[in-house]
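Take a look at the model below.

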Amino acid sequence: MKRLSELFMRPATRAFMQEARRTPGFSWIDRLHGYIYARWTYLYISMGIGEHPVVRTLGPVREWIKQRFLSFVTSETPRQASATESTATFADGYHGKVLSLEAATQLVTINQEISLPNLEQVIPYVRARDLILENPDHIVVLDCPCRMAREHPCLPLDVCLIIGEPFASLVIEHHPNHARWITSGEAVEILRAEEGRGHLHHAFFKDAMLGRFYAICNCCTCCCGALQAQRNGTPMLASSGYVCQVMTEACVGCGRCEKLCPFDAIAVGEEPHVARVDPARCMGCGLCVTHCPKEALSLERDLEKAAPLEIHALMAATLEQG
């Protein structure tokens with residue numbers, strides 16, 4: 001006789017649940033959360049960013065449920081809480097690591113399976129800090145849920161990259177009309193095109209997705225829920241580990257970087273008439289660098305911020321330690 005999971009679950013969902021059961025500390029509530037998130041992604045995100053009609057009328061109820069759910073997940077899932085953290089926030093389980101174009105490209109072109117758990121030095125959050133890639137050549141592009149939730153979204157919609165298993169197959173299984181398989185080369189082209197549009201790359205970590213990395217988001221300031229939360233004081237994005245530096249002798253004060261910066265970290269001064277960077281606001285995305293017509297900007301490592309998510313360097317460091 002077949003197990004109930006074989007009768008009622010589709011193959012990718014079943015694979016996800018099997019992987020979830022093998023994940024230490026991943027409770028039944030985590031599995032339920034993961035299924036809801038994967039199955040109803042667009043509803044989940046539209047409610048999370050406040051764009052769903054229900055949210056507008058039941059905002060206080062939503063906030064109460066969110067806080068109750070977060071506290072329950074924290075108490076039920078000890079793997080997600082450190083010894084020094086007793087409370088959970090929305091950002092702890094739903095957050096991103098800012099990436100340069102080069103770092104993002106590394107993640108979609110890696111040709112081997114990777115297990116880098118608990119990247120505390122890279123991902124400075126209480127939960128969802130593992131980078132584990134199984135079948136990294138399995139890549140799906142998904143219509144961006146944040147853009148889909150907006151009345152007048154930025155285009156194109158198909159810019160979210162889901163990387164590896166069991167996530168890629170899970171997304172295709174539940175969203176066949178909004179997702180498709182792509183090659184590594186096609187993923188690189190999407191990243192380059194989004195960079196050209198001035199959109200931010202970030203590696204997306206989610207507690208419900210086995211507490212680990214599973215996607216690269218390409219974000220515009222007008223649609224992205226994480227970017228809007230960041231600008232409103234909720235720290236959902238971690239710095240790339242770099243900060244922009246200005247070569248004043250080359251800068252002509254054109255203001256292009258000021259307009260482009262998604263974190264409002266750059267302003268052009270009156271005297272001297274050159275770009276100035278606020279290092280506290282700068283997240284080191286590198287968009288200003290690639291779009292500067294005078295090549296007057298560069299990224300420099302900021303040792304006060306978490307280490308970069310650069311997969312080749314992290315793998316080399318792991319080999320040296322092992």
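Leaving aside its neighbours within four places in sequence, which residues is His202 in contact with? Keep in mind that this model is predicted. His202 has its place in strand β6, residues 200–206. Its contacts include Gly96, Lys97, Val98 and Leu99. Ala215, Ile216, Cys217 and Cys219 are also in contact with His202. Ala226 and Leu237 complete the list. His202 is buried, and its relative accessible area is 3%.

Now turn to the cysteines. A disulfide is a covalent bond between the sulfur atoms of two cysteines. How many disulfides does the count come to? With a cut-off of 2.5 Å between the sulfur atoms, the count is 0. Take Cys217, one of the contacts of His202. The closest cysteine sulfur to that of Cys217 belongs to Cys160 and is 4.7 Å away, so it is too far for a bond. Cys217 is buried, with a relative accessible area of 13%. Cys224 is in no disulfide either. The nearest cysteine sulfur to Cys224 is that of Cys219, at 3.4 Å. Cys224 is buried too, with a relative accessible area of 4%.

Next, the helices. Two packed helices are described by the angle between their axes and the distance between the axes. Helix α3 covers residues 28–39, and helix α4 covers residues 41–48. Their axes come within 5 Å and cross at roughly 95°. The two helices are therefore roughly perpendicular to each other. On the α3 side, His33, Ile36, Tyr37, Ala38 and Arg39 make the contact.

Note on methods:
Residues are numbered from 1 along each chain as its sequence is written. This is a predicted model: local features need pLDDT of at least 70, side-chain atom pairs count only at pLDDT 80 or more; totals for chains, interfaces and linings use all residues. Side-chain values use heavy atoms; hydrogens and water are left out. Axes are lines fitted to C-alpha atoms, for helices over the stretch in contact, and angles run from 0 to 180 degrees between N-to-C directions. Helices (H or I, at least four residues) and strands (E, at least two) are DSSP runs, numbered from the N terminus. Angles under 35 degrees count as roughly parallel, over 145 as roughly antiparallel, 65 to 115 as roughly perpendicular and the rest as oblique. Contact means heavy atoms within 4.5 Å. Buried means under 20% relative accessible area, exposed over 50%, partly exposed in between (1.4 Å probe, protein chains only).
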